Amino acid sequence: MASSDHHHHEHDHDHHHHGEGGHGSTETTTWVGKDGKVYHSHDGLAPHSHEPIYSPGYFSRRAPPLPTRDFKERAFTVGIGGPVGTGKTALMLALCQCLRDKYSLAAVTNDIFTKEDGEFLVKHGALPEERIRAVETGGCPHAAIREDISINLGPLEELSNLYKADILLCESGGDNLAANFSRELADYIIYIIDVSGGDKIPRKGGPGITQADLLHSPDSVLSEVCNRKVINKTDLAQAVGADLAVMERDSLQMRDGGPFVFSQVKHGVGVQEIVNHILQAWEAATGKRRH
């Protein structure tokens, strides 16, 4: 769960240089700041630290949406996170296709050193090109959605004002299970895992698994309102030897009863359920009614 001080989170690093730098590597420097916290920077990019994580996290103790959010300043923002290759960009495309005819949308994607995900959305006509921004986060993509969110806030606010957006979509770079969006960035958080990672993934826990508004795992749909988790690519379960019943059992346990969705985004299965949950959260937060 992100703290209110999203710029400075502690991390248990040794106080020395890591890595050799040079081609194909990333040099990381760590130091102790004036506040006593240990900071690091990747190749001179935004310095940040990470708060320690002492447990997998609890759905019932997740950070709530900020009650003071001014949606005239920045539209309702949906954060979509998850490990590399789980289907975040495919879900971004599907959400744009479902919502763009009735709502004013804009999207920001995060990659470490490329703009590939943004280019994917442009290539597939998810939205007009000018409504899509691609952010290169550098060597620590988690910081861009949690500790130092300014790299995403800037383009989101600009797009929101330019196009009088109803809903903004923000896709994180590839996350580990400890990553989760700061509530100062995302009003609604979707975390995606996929069955090709094995049915053990839900029980590994971490804030992404336990505290996202929706957990998404791409076939059948088991969802509720509020924070979600999405389990994607369930059509691959048999091929990779994953047991969906085990994933369902462990998701229920790890998320403390919090909702989750099984889906096949590329085949359109479960997408409308995800859209409905987003719109329900949008209505509750903004006081507006869906079109």
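**View 1. Arg-183, a buried residue in the loop between S6 and S7.** Arg-183 has a relative accessible area of 5% and is buried, where buried means under 20% relative accessible area, exposed over 50% and partly exposed in between, computed with a 1.4 Å probe on protein chains only. Its loop lies between S6 and S7, and the helices (H or I, at least four residues) and strands (E, at least two) named in these legends are DSSP runs numbered from the N terminus. Arg-183 and Arg-69 stand 114 residues apart in sequence, while their C-alpha atoms are 9.9 Å apart in space. The model is predicted, with local features requiring pLDDT of at least 70 and side-chain atom pairs counted only at pLDDT 80 or more, whereas totals for chains, interfaces and linings use all residues. Residues are numbered from 1 along each chain as its sequence is written, and side-chain values use heavy atoms, with hydrogens and water left out.

View 2. With a relative accessibility of 13%, His-142 counts as buried. When residues up to four places away in sequence are not counted, His-142 touches Glu-147, Gly-174, Asp-175, Asn-176 and Ala-179, contact being defined as heavy atoms within 4.5 Å. For one of these residues, Asp-175, the C-alpha atom is separated from that of His-142 by 6.5 Å, although the two residues are 33 residues apart along the chain.

**View 3. Phe-59 in the loop between strand S2 (38-42) and S3.** Phe-59 counts as buried, at 9% relative accessibility. Computed along the sequence, Phe-59 and Ala-212 are 153 residues apart, yet the C-alpha to C-alpha distance between them is 7.6 Å.

**View 4. Helix H2 (residues 116-123), with its buried and exposed residues.** The buried residues of H2 are Asp-117, Gly-118 and Leu-121. Seen down the helix axis, these residues fall within an arc of 100 degrees, so they line one face of H2; the arc is that of the directions from the helix axis to the C-beta atoms. The face turned away from the buried side carries the exposed residues Glu-116, Glu-119 and Lys-123. What covers the buried residues includes helix H1 (88-99) together with the strands S4 (105-111), S5 (132-136) and S6 (167-171). Just after H2, Gly-125 takes a positive phi of about 65 degrees.

**View 5. Lys-164 in the loop between helix H3 (150-163) and S6.** Phi of Lys-164 is near 45 degrees, a positive value in a residue other than glycine. Most residues other than glycine have a negative phi. In terms of accessibility, Lys-164 counts as exposed, at 66%.

**View 6. The largest nonpolar core, with 33 residues.** A nonpolar core is a set of buried Ala, Val, Leu, Ile, Met, Phe, Trp, Tyr and Cys residues joined through side-chain atoms within 4.5 Å. Val-78 and Ile-190 touch the most other members of the largest core. The elements that give two or more residues to this core are strand S3 (76-81), H1, S4, S6, strand S7 (188-194) and helix H8 (271-286), and H1 gives the most, with 8 residues. A second, separate core holds 23 residues, including Ala-75, Ala-186, Ile-189 and Tyr-191.

**View 7. The crossing of H1 and H8.** The axes of these helices come within 10 Å and cross at roughly 70 degrees, the axes being lines fitted to C-alpha atoms, for helices over the stretch in contact, with angles running from 0 to 180 degrees between N-to-C directions. H1 and H8 are therefore roughly perpendicular to each other, since angles under 35 degrees count as roughly parallel, over 145 as roughly antiparallel, 65 to 115 as roughly perpendicular and the rest as oblique. From H1, Leu-91, Ala-94, Leu-95, Cys-98 and Leu-99 meet Val-271, Ile-274, Val-275, Ile-278 and Leu-279 of H8.

View 8. A disulfide is a pair of cysteine sulfur atoms within 2.5 Å. The cysteine sulfur closest to that of Cys-96 is in Cys-98, at 9.6 Å, too far for a bond. Cys-96 is buried, with a relative accessible area of 0%, whereas Cys-98 is partly exposed, at 39%.
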